[in-house]
Amino acid sequence: MPLLKGTKIYSILANKCPRCHEGDFFQTHNPYDLRNFDKLHDRCQHCNENFTREPGFYIGSMYISYALSTALTVVTFVLFVVLLGFDELRVLYVLLPAFVFLLPVSFRTARLIWINIFVRYNRQKARNNKPDVVRL
Ligand SMILES: [Zn+2]
């Protein structure tokens, strides 16, 4: 995905820091590593961007997750029931377990979208991996 580097889509799909697109956001790339799928690094290993910005920062990502689930439900329902003529109840029987299965992916995608709303890509940070100097 080097063509997308520098876009928010790259950071979201490749599990990368929204500031430098170099360091990983979550500790594991596997959303089905159920012990660690939700663990993110405190700071970017490349540019030192703070991923745990403030307590409760990621509560807003629940709205993103809700919107993603609703959009997926509507699109799937319209595709299979309206366009292909499947029975509504059978589609729901398949959709509900599919949502449970996709929960870790939805959780991670929502958090990456949420932090990408607040943090912009910075090409300088991608080149220079020295963290910002904190002066007291
Ligand atoms: Zn970074």
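Predicted model: local features only at pLDDT ≥ 70, side-chain atom pairs only at ≥ 80, totals over all residues.
## Overall shape

The protein contains four helices and zero strands, and its elements, read from the N terminus on, follow the order α-α-α-α. Along the principal axes, the C-alpha trace spans about 65 × 30 × 25 Å. The radius of gyration is 18 Å, whereas a compact globule of 136 residues would have a value near 14 Å.

Of the 136 residues in the protein, 18% are buried. When contacts between residues at least 6 apart in sequence are considered, 58% of them join residues at least 24 apart.

## Helix α2 and the residue after it

Just after α2 comes Gly-85, which takes a positive phi of about 75°.

## The largest nonpolar core

In soluble globular proteins, nonpolar side chains tend to be buried together. Here, the largest nonpolar core is made of twelve residues, namely Ile-12, Cys-17, Cys-20, Phe-25, Phe-26, Cys-44, Cys-47, Phe-51, Ala-110, Leu-112, Trp-114 and Ile-115. The element that gives the most to this core is helix α3, residues 88–118, which supplies four residues.

Phe-25, a member of this core, shows how parts of the sequence come together: with neighbours within four places in sequence left aside, Phe-25 is in contact with Asn-15, Lys-16, Cys-17, Leu-40, His-41, Phe-51 and Leu-112. Among these partners, Cys-17, Phe-51 and Leu-112 also belong to the core.

Terms used
Residues numbered from 1 in each chain as written. Core = buried A, V, L, I, M, F, W, Y, C linked by C-beta atoms within 7 Å. Buried ≥ 20, exposed ≤ 12 C-beta atoms within 10 Å, placed from the backbone. Helix = DSSP H or I, 4+ residues; strand = E, 2+ residues; numbered from the N terminus. Contact = placed C-beta atoms within 7 Å. Rg over C-alpha atoms; globule rule 2.2 N^0.38 Å.
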